[in-house]
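Here's a quick tour for anyone meeting this structure for the first time. Have a look at the picture, then read on.

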Amino acid sequence: MERVSLQQKVLSENDRIAAELRAKFQDHGIFCVNLISSPGSGKTSLLERTLESFPQHERVAVLTGDIQTENDAIRLSRFHFPVKQITTGGTCHLDARMIEKHLADWRLENLDMLLIENVGNLVCPSSYDLGEAAKVVVLSVTEGEDKPLKYPSIFFKSDLMVLNKTDLLPYVPFDMDAAAENARKVHPGMEIVKVSCLNRSGMHEWLMWLERRRRAAKLVAQAVG
Ligand SMILES: Nc1nc2c(ncn2[C@@H]2O[C@H](COP(=O)(O)OP(=O)(O)OP(=O)(O)O)[C@@H](O)[C@H]2O)c(=O)[nH]1
Ligand SMILES: [Mg+2]
């Protein structure tokens, strides 16, 4: 009984900070994405392909979470946009306080888009709101098409599923239609883009999705402000 109420307290504190972050992002017209997947599905690779496609004047920044190492921040820093690593030291997800802390010395008025790579995990990150406008779940073709049914929460809460590593389809038994059907069983009408971060196929659709959502965030900020 007590354990449940403590967990509720932690989550409601997280929700309070997340709501403050969301309000700040909305005020500044920042489109914030929370990228979630199992370890190794290709979150950093997708961000590498994304950042390499942006012109240098793009007002984008990245926070990338891992339990240990600065490896992902080092990979992403090559593109010369602001990047910070959040090292959780054991925690299996990012929380809103970590985002608040790592944003503290960035000027939000200089940003249009904040891309957050969560810790590799399909379960824990789904419970922690980071103030994002959209969660995006990445599933790669080596993971099995049943994952949306086994880990429904994150597929239900995500606006978009990015199906990655499609270049491997000739070599692994993965049924794309079944994966899409399973995702839409959990989340009817869910948007899906199929990509390969290796050969860059599908990148246009992913970038168009980002651009559409970024414009929508700007319009909301203008309407409210
Ligand atoms: N064949 C193939 N390999 C890929 C693709 N995308 C990523 N990889 C490889 O998959 C491995 C993991 O990719 P990452 O981008 O590090 O995955 P991640 O989701 O960021 O991993 P964590 O941060 O550890 O959770 C790397 O060896 C990538 O080169 C792809 O589209 N095709
Ligand atoms: Mg990564």
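How far does a polar side-chain atom of Glu-117 lie from an oxygen atom of ligand 1? The distance is 3.0 Å, where a polar contact is a pair of N or O atoms within 3.5 Å; within protein, one must be able to donate a hydrogen and the other to accept it, and residues adjacent in sequence count only if both atoms are side-chain atoms.

Before the rest, some housekeeping. This is a predicted model, in which local features need pLDDT of at least 70 and side-chain atom pairs count only at pLDDT 80 or more, while totals for chains, interfaces and linings use all residues. Residues are numbered from 1 along each chain as its sequence is written, chains are lettered from A and ligands numbered from 1 in the order in which they are written, and side-chain values use heavy atoms, with hydrogens and water left out.

**Around ligand 1**

- Ligand 1 is surrounded by 20 residues (a heavy atom within 4 Å of it), and the closest are Lys-43, Thr-44, Ser-45, Asp-167 and Cys-197.
- Lys-43 puts a polar side-chain atom 2.7 Å from an oxygen atom of the ligand.
- Over at Asp-167, an N or O atom in the side chain is 2.7 Å from a nitrogen atom of ligand 1.
- On its own, ligand 1 exposes 650 Å², and the protein buries 72% of that (Shrake-Rupley method, 1.4 Å probe).
- Helix H2 (43-53) and helix H3 (71-77) each supply at least two residues of the shell, with helices being DSSP runs of H or I, at least four residues, and strands runs of E, at least two, numbered from the N terminus.
- H2 gives the largest share of that shell, three residues.

**The sheet**

- Seven strands make an open sheet in the order S3-S2-S4-S1-S5-S6-S7, with parallel pairing (two strands pair if DSSP finds at least two bridges between them).
- Strands S3 (83-87) and S7 (191-194) stand at the edges with a single partner strand each, so one side of each has no neighbour in the sheet.
- Strand S2 (residues 60-66) pairs with S3 in the parallel sense over five bridges.
- Asp-66 stands opposite Thr-87 in S3.

**Lys-84**

- Lys-84 has its place in strand S3.
- Lys-84 and His-102 are 18 residues apart in sequence, and 7.4 Å apart in space, C-alpha to C-alpha.
- Leaving aside neighbours within four places in sequence, Lys-84 is in contact (heavy atoms within 4.5 Å) with residues including Val-62, Ala-73, His-102 and Trp-106.
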